[in-house]
Amino acid sequence: MKFKAFLFMLIIPLLWRSLPAQPRLPADSLLAHLQELSSDKYEGRRTQEAGNLLAGEYILQRFSSFTLKAFDSTYLQPFSFYSRWKKQGYNGRNIIGYVPGTEFPQQYIVLSAHYDHVGMREGAVYNGADDNASGTGALLEMARYFSRHPPRHSVIFAAFDAEEMGLRGADHFLEECPVLLENILLNINMDMISRNENRELYVVGADYTPFLRAPVEKLAQGCPINIRFGHEQPEPSRRDDWTMASDHGKFHQKNIPFLYFGVEDHADYHEPTDDYERIMPEFYTQAAEFILEALLYLDANWEKLTRR
Ligand SMILES: [Zn+2]
């Protein structure tokens, strides 16, 4: 026994030193959000329907327990829109909270993920695990992280609704923005970040704002997943251009720099098989961690990067 205890004391410090840096976002919590929000209970989270409202409540409760600040004393930003395609009016709800910056409280980084999906068709639930329970889970854990480690610039956590109906939530947020648009430094948007056979995560937006590229490239070198640039302003065809593919497009239209993180479409994209069982847990947690690293770096170095 004594010898075993001695060995133990010898081995523990060795193990300790060889362990990689501890992740900032707990994997079990990330996965729990993703699994919960993509369960049948939420009925595919289609805007205005019961499952979507339930998902909204889930996010609201977390924002509240992390004691995020709210604009106008509520996290809820309701809005209405008319879909010409569906010939119908809809009511949506963005859920918005923020953590004030310690040095530049009047300057904002907007971290976003849409929480709506396409609902149910012919009895099948389109669970939208990758699209976009994955981004929503990462948004929640980053909100928890920043509530405990305040950033230098204020960070707004935006869970957008009605992305699937044409980026409607992001559009409303920017049209009725609780802060001046010129005080938004950057949008970081997460949409589909939990699976890719080649372990590739795309970063879109640095072509439009070139000073963002070098820091992301540098961080990518130490990242266990493959970080790829592309899907912006492609020549000669615009088929693969993701500039307007998700909510970041609305920020781009307002001339606000953006970085969008997401994977290539897969066979389960917008199919009832986009389920929790098909996501890649390790890839997902590493992708979320990388996005947080990028956000932390940009928050810490924004003035240096933008100095002329
Ligand atoms: Zn999506």
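Buried, in my notes, means under 20% relative accessible area, with exposed over 50% and partly exposed in between (1.4 Å probe, protein chains only). This is a predicted model, so I take local features at pLDDT of at least 70 and side-chain atom pairs at pLDDT 80 or more, while totals for chains, interfaces and linings use all residues. Residues are numbered from 1 along each chain as its sequence is written, and side-chain values use heavy atoms, without hydrogens or water.

**Aromatic pairs**

I searched the whole structure and got 15 aromatic pairs. Rings of Phe, Tyr and Trp (its six-membered ring) pair if their centres lie within 6.5 Å; planes under 30 degrees apart are stacked, over 60 edge-to-face, the rest tilted. Y145 and F146 are edge-to-face, because their planes are at 85 degrees, with centres 5.3 Å apart. F146 is buried at 0% relative accessible area, and Y145 is buried too, at 12%.

I then looked up F211 and W302: centres 5.4 Å apart, planes at 75 degrees, so edge-to-face again. W302 counts as buried at 7%, whereas F211 is partly exposed at 27%. I also noted a cluster of F71, Y98 and Y108, linked by ring pairs.

**Zinc site**

Which residues coordinate the zinc ion? I found H114 (NE2), D131 (OD), D191 (OD) and D191 (OD), at 2.0 to 2.6 Å. Donors here are N, O and S atoms within 2.8 Å of the metal (3.2 Å for Na, K and Ca); water is not among the atoms, so sites may look incomplete. The donor spacing in sequence reads H-x16-D-x59-D. D131 is buried at 2% and D191 at 4%.
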